[in-house]
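Trainee: Walk me through this one, please. I'd like helix packing, then pockets.

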Amino acid sequence: MEKHPLNFRSDHCDQHAVVLTNPAATTERRLVLLHGAGVAGELSWTYVANYLTGWREILIPDLAGMGKSRFLSAPAAGVAPYAQQLDELTRALDWQEFDVAGYSFGGIVAEHWLRSRPFNGLCFLLEPAMLYAADAYVLLNKAQLYQQVAEQIVVNPADSVPYVRFLDSVSPARNRQDKTEQLTIARLQANALGFAQALAAVSTALQQHPDYYLNWVSPWPGASFAGSLSEPAMHERHRQLAAASRNWQFEVVDGADHSLVFTRPRAIAAVMNRCLAER
């Protein structure tokens, strides 16, 4: 893979991204990879990208507030400002046709972005923030928790308690005793206010449109992923999505929880490569 960093100012953001070029790719297609809340794009997706064989170019942006991208002014509530950032980025690059993968926060951003523009590509969603449950009570409780965590972080970004509370919510089966816990908290604290802003955006979206997300069916071909260690309620919602959507599959990633993009990159890339080959 050849790496090309991008840094420029668009209408609403200071943008940072990297474009990976694969000279040995099996197609000329392009792919956009969207990261989760709090951890920048390249750090989130490098491991998966190394195993992707089909795409000629891969765009990995930092969503604003995380990594090196920033909003130029305070954004409106919800995920729409992040979708606007991606519109500005892809227009500047003249990327008109591409596939998209979104992890966690990046998943809910991807869905909002793609339904607001013409899109005919593949969509991959890795434990996206809007597919945590098929039950309104569970989904809205998650939204309220995210809002509380965001508010706690804004008050005291150095306090580890809200980060642990977030991790308890998304990865309840994780090993809390190893060094990974401290590393994860440190990474989130490095983008503390951007992380809080992203959590608040998810909370707003879920609370404003719970019925939409509870009944969302993919209009695009693709796949969703959930770790085998993640909560049964999430698996239920992913199975429901796969049953109701055309050309959509649900993949359970063995031995993984919400950190699947970091811990099982080869398995995730294998499914993405297969979906592209079958396209």
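Predicted model: local features only at pLDDT ≥ 70, side-chain atom pairs only at ≥ 80, totals over all residues.

Mentor: One term to begin. Numbering starts from 1 along each chain as its sequence is written, and side-chain values use heavy atoms, without hydrogens or water.

Trainee: Okay, at what angle do helix 5 and helix 6 cross?

Mentor: Roughly 115 degrees, and the axes of helix 5 and helix 6 come within 10 Å. Axes are lines fitted to C-alpha atoms, for helices over the stretch in contact, and the angles run from 0 to 180 degrees between N-to-C directions. Helix 5 and helix 6 are therefore roughly perpendicular. Helices here are DSSP runs of H or I with at least four residues, strands are E runs of at least two, and both are numbered from the N terminus.

Trainee: Is that crossing of helix 5 and helix 6 left-handed or right-handed?

Mentor: Helix 5 and helix 6 cross right-handed. Left-handed would need the near helix turned anticlockwise from the far one by less than a right angle; clockwise gives right-handed.

Trainee: Which residues of helix 5 and helix 6 make the contact?

Mentor: From helix 5, Tyr163, Val164, Phe166 and Leu167. From helix 6, Glu181, Thr184, Ile185, Leu188 and Gln189. Contact means heavy atoms within 4.5 Å. By class, 6 residues of the helix 5 and helix 6 contact are nonpolar, 2 polar and 1 charged. Nonpolar covers Ala, Val, Leu, Ile, Met, Phe, Trp, Tyr, Cys and Pro; charged covers Asp, Glu, Lys and Arg; the others, Gly among them, are polar.

Trainee: And how does helix 4 pack with helix 5?

Mentor: At about 160 degrees, with the axes of helix 4 (residues 136-155) and helix 5 9 Å apart. That makes helix 4 roughly antiparallel to helix 5. Their crossing is left-handed. Helix 4 brings residues including Leu145, Tyr146, Val149 and Ile153, and helix 5 brings Tyr163 and Phe166 among them. That contact of helix 4 with helix 5 splits into 8 nonpolar, 3 polar and 2 charged residues.

Trainee: What about helix 2 and helix 3?

Mentor: Helix 2 (residues 80-93) and helix 3 (residues 105-115) pack at about 70 degrees, axes 9 Å apart. So helix 2 is roughly perpendicular to helix 3. The crossing of helix 2 and helix 3 is right-handed. Leu86 of helix 2 and Trp113 of helix 3 are among the contact residues.

Trainee: What lines the second largest pocket?

Mentor: Residues including Arg29, Arg30, Glu97, Asp99 and Arg117. The second largest pocket holds about 200 Å³. Its lining has 3 nonpolar, 3 polar and 5 charged residues.

Trainee: How many cavities of 30 Å³ or more are found?

Mentor: The search finds 2. The largest cavity has about 40 Å³ of space. Tyr132, Tyr146 and Phe166 are among its lining residues. By class, the lining of the largest cavity has 8 nonpolar, 1 polar and no charged residues.

Trainee: And what lines the second largest cavity?

Mentor: Tyr132, Lys142, Ser169, Val170, Pro172, Ser230, Glu231 and Met234. Its lining has 4 nonpolar, 2 polar and 2 charged residues.

Trainee: Last topic, backbone. Where is Asp94?

Mentor: In the loop between helix 2 and strand 6 (99-103). Phi of Asp94 is near 60 degrees, a positive value in a residue other than glycine. Glu127 has a positive phi too, near 40 degrees.

Conventions
1 Å grid on protein atoms, 1.4 Å probe; cavity = no way out; pocket = protein on both sides within 12 Å on 5 of 7 lines; lining within 4 Å. Points joined across faces, edges and corners; volume = space filled by probe spheres on them. Parallel < 35°, antiparallel > 145°, perpendicular 65-115°, else oblique.
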